[in-house]
Amino acid sequence: MSNAYLIVSVTYAGTVIRLSTADIDITEAAEGATYSYYPRIGEMTVSTAMEFLQSSAGALSVPVSAVFPLSVAQLHAQGHQLARSPVEVAIWTEGTDYAARIILARGIVSDPEWGEPAEPVAFSVEDAAKASTVTVPSGTEQVDGYTWPDTITYLATADLGICYPRVYGNPGAMSTSMALFVAGSQVAHAAYTSTPGGAWMVLAGHAVDTPYIYLTTEQQLTGALFAVVRITDNRGQVLSVVPYYADYPTDTLSDYVDADGQHVYGLRTPTYPGINSSTQDAPYSVYATWHDPVNSSRGGLSPKAGDVILDMLQLAGMEVDYGRIKAAAGLLAPYRFDCVVSARVKPLDWLQAQILPLLPVSVDRSGDGASLIVWRYDATPEDATAVLDAEADALIERATPISVDSGGIVNRWTMNYAYSVRTGQYCEVATRGNDTVTADGVTTLGDQDAYCLASQARYGVIEKTIDTVCVYDDATAGAILAWMARAYAFPRRTVGYVVPSSYQLHKGQIVRLTDAKVSIADQLAIVAELQIDGTGTDAVSLLMIEDPQRDPKVIG
């Protein structure tokens with residue numbers, strides 16, 4: 001078996017410092033170069049772990065301690081900052097090309113410590129995005145004197161500094177028609193009807209693909225169809241707005257019937273109370289429902305779960321593993337999020353608070369960038385891509401006892417969704433594992449979920465209620481509760497093994513585990529944690545989710 005080595009490369013003070021656990025030379029044929037590594041890394045283990053269905057946004061932190069072949073103290077005195085220097089941690093197998101190394105982590109040096117030249121330099125490898133101060137919407141995406149210098153003096157104080165919303169999908173639309181709708185977002189006033197040049201309302205701080213929006217107010221609860229056009233503000237930022245004239249940029253008609261037979265209005269229309277009646281002394285709140293009467297699939301940015309996550313990861317400045325993101329997005333096809341980001345928030349914080357808790361995913365960080373790991377709670381033997389058989393391979397050894405976590409069991413679910421930004425109320429309820437459901441004074445049979453019922457028979461009823469402002473359609477609400485019911489109905493068992501590195505396991509991988517000594521036979525498990533130290537064997541933690549319907553040998 002070829003030896004494997006942990007290698008670390010730090011770009012610092014105009015040079016690349018190459019460190020390893022041994023004195024090695026690595027050739028890169030494509031560049032015609034050979035890289036020599038300084039053998040002064042101390043004991044080092046790269047641990048990549050995920051908590052079951054954690055709502056973390058994939059923070060990366062790898063501790064490193066090594067003696068550098070130069071004086072960091074001297075270079076620092078000369079003005080060279082080690083902190084935030086680019087760094088890469090990889091594993092290289094003897095006899096292979098440099099390009100074949102497996103990158104475990106790529107980021108920046110964080111919290112470095114050093115002393116005299118012979119003393120180890122200690123630091124952590126962290127993702128540059130972790131220290132990012134980027135917010136969504138950004139600091140320039142708002143109504144102020146820079147973006148709307150000609151109209152700002154005519155606005156009420158309450159309308160100043162309002163952020164441009166970031167809109168996904170069709171917030172407020174509860175069906176493919178306007179038969180069921182709520183206020184999905186609030187518009188930002190950029191100019192009133194009384195302003196010279198007429199009124200403008202900002203719907204989104206980006207382009208959208210619908211030419212229509214339904215507007216309502218406290219005085220006008222029936223949605224009226226208004227035109228949506230694309231313009232730029234004084235900073236050159238692209239906006240989607242409701243114009244003063246319905247036929248913008250011709251600017252002759254207050255309302256008209258368009259080529260698709262839709263009667264659309266501009267803000268010049270005097271018909272609808274409150275919508276175009278704001279003044280400095282009496283500003284009105286105006287609300288939008290994102291429904292397109294011609295093509296209900298049109299709206300804001302893509303609401304597909306994978307697309308929403310990818311957009312936020314990119315806005316956070318994270319490097320992204322597009323191949324793995326695309327593969328995971330296919331598994332998340334049943335989920336869509338029609339939602340609005342209307343107040344400044346860090347993208348990763350928003351994902352962690354609003355989106356990740358609703359999905360069977362964790363955000364993973366590796367040398368190739370951020371990606372998604374889908375927890376295959378519904379995995380079958382055909383999904384397994386590795387077989388770990390402690391009887392057939394003597395190098396596979398159990399390292400920990402089998403532990404059981406019963407603390408997270410839930411077997412009766414309620415989700416409140418279809419949030420109205422006008423009333424602050426949720427307008428729809430979905431359930432799972434309920435015998436009966438009462439809504440508006442009417443009692444009906446609930447969803448008799450087999451996993452919930454089996455869990456209730458064993459552990460009693462354990463309830464949980466979820467509120468979400470990101471879901472408006474029944475299908476997504478049902479899909480979310482379906483995976484939660486299956487994933488949380490029974491305890492989770494974990495066990496640790498030492499496995500040869502040649503298996504090349506990765507987080508989220510489905511494996512089949514057999515170990516007769518502890519009566520495990522062909523059990524499906526998920527790789528939840530890996531610890532890699534370059535010794536040729538890796539420590540792996542396996543998560544087994546009980547499924548009585550799939551695993552008939554499990555006895556309650």
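1. A nonpolar core is taken here as a set of buried Ala, Val, Leu, Ile, Met, Phe, Trp, Tyr and Cys residues joined through side-chain atoms within 4.5 Å. Buried denotes under 20% relative accessible area, exposed over 50%, and partly exposed the range in between, with a 1.4 Å probe and protein chains only. The largest such core has 53 residues, of which Leu313, Tyr335, Phe337 and Trp350 touch the most other members. The elements that give two or more residues to this core include helix 2, helix 3, helix 4 (347–355), strand 27 and helix 6. Helix 6 gives the most, with 9 residues.

2. Basis of the note. The model is predicted: local features need pLDDT of at least 70 and side-chain atom pairs count only at pLDDT 80 or more, whereas totals for chains, interfaces and linings use all residues. Residues are numbered from 1 along each chain as its sequence is written, and side-chain values use heavy atoms, with hydrogens and water left out.

3. Overall composition. The chain has 6 helices and 35 strands; helices (H or I, at least four residues) and strands (E, at least two) are DSSP runs, numbered from the N terminus. Along its principal axes, the C-alpha trace spans about 80 × 70 × 40 Å. Of the 556 residues, 52% count as buried. With contact defined as heavy atoms within 4.5 Å, 68% of the contacts between residues at least 6 apart in sequence join residues at least 24 apart.

4. Helix 2. This helix (residues 305–315) is mostly covered, with 8 of its 11 residues buried. The buried residues are Ala305, Gly306, Val308, Ile309, Leu310, Asp311, Met312 and Leu313. After the helix comes Gly317, whose phi is positive, near 85°. Leu313, already named as a core residue, is in contact with Met318, Val320, Ile325, Leu348, Leu351, Val363 and Ala370 when its neighbours within four places in sequence are left aside.

5. Packing of helix 2 on helix 3. Two packed helices are described by the angle between their axes and the distance between the axes. The axes of helix 2 and helix 3 (residues 322–331) come within 9 Å and cross at roughly 155°. Helix 2 is therefore roughly antiparallel to helix 3. Axes are lines fitted to C-alpha atoms, for helices over the stretch in contact, and angles run from 0 to 180 degrees between N-to-C directions; angles under 35 degrees count as roughly parallel, over 145 as roughly antiparallel, 65 to 115 as roughly perpendicular and the rest as oblique. Helix 2 contributes Gly306, Leu310, Leu313 and Gln314 to the contact, and helix 3 contributes Tyr322, Ile325 and Ala329. By class, the contact has 5 nonpolar, 2 polar and no charged residues. In this classification Ala, Val, Leu, Ile, Met, Phe, Trp, Tyr, Cys and Pro are nonpolar, Asp, Glu, Lys and Arg are charged, and the others, Gly among them, are polar.

6. Three strands form an open sheet in the order 28-27-31, with mixed pairing; two strands pair if DSSP finds at least two bridges between them. Its edge strands are strand 28 (426–432) and strand 31 (463–467), each pairing on one side only. Neighbouring strands are turned by 20° against each other on average, direction ignored. Strand 27 (residues 412–419) and strand 28 pair in the antiparallel sense over 6 bridges. Tyr419 stands opposite Tyr426 of strand 28, and Thr414 has Thr431 as its bridge partner. In the hairpin of these strands, which has 6 residues between them, Gly424 takes a positive phi near 75°. Another open sheet has 4 strands in the order 12-13-17-16, with antiparallel pairing. Strand 12 (188–191) and strand 16 (229–232) are its edge strands, each pairing on one side only. The twist averages 45° from one strand to the next. Strand 13 (residues 200–204) and strand 17 (residues 238–242) run antiparallel and are joined by 3 bridges; Met201 has Val242 of strand 17 as its bridge partner.

7. Tyr38. This residue lies in the loop between strand 4 (33–37) and strand 5 (46–49). Tyr38 is partly exposed, with a relative accessible area of 29%. Apart from neighbours within four places in sequence, Tyr38 is in contact with Arg18, Leu19, Ser20, Val67, Phe68 and Pro69. Tyr38 and Leu348 are 310 residues apart in sequence and 37 Å apart in space, C-alpha to C-alpha.
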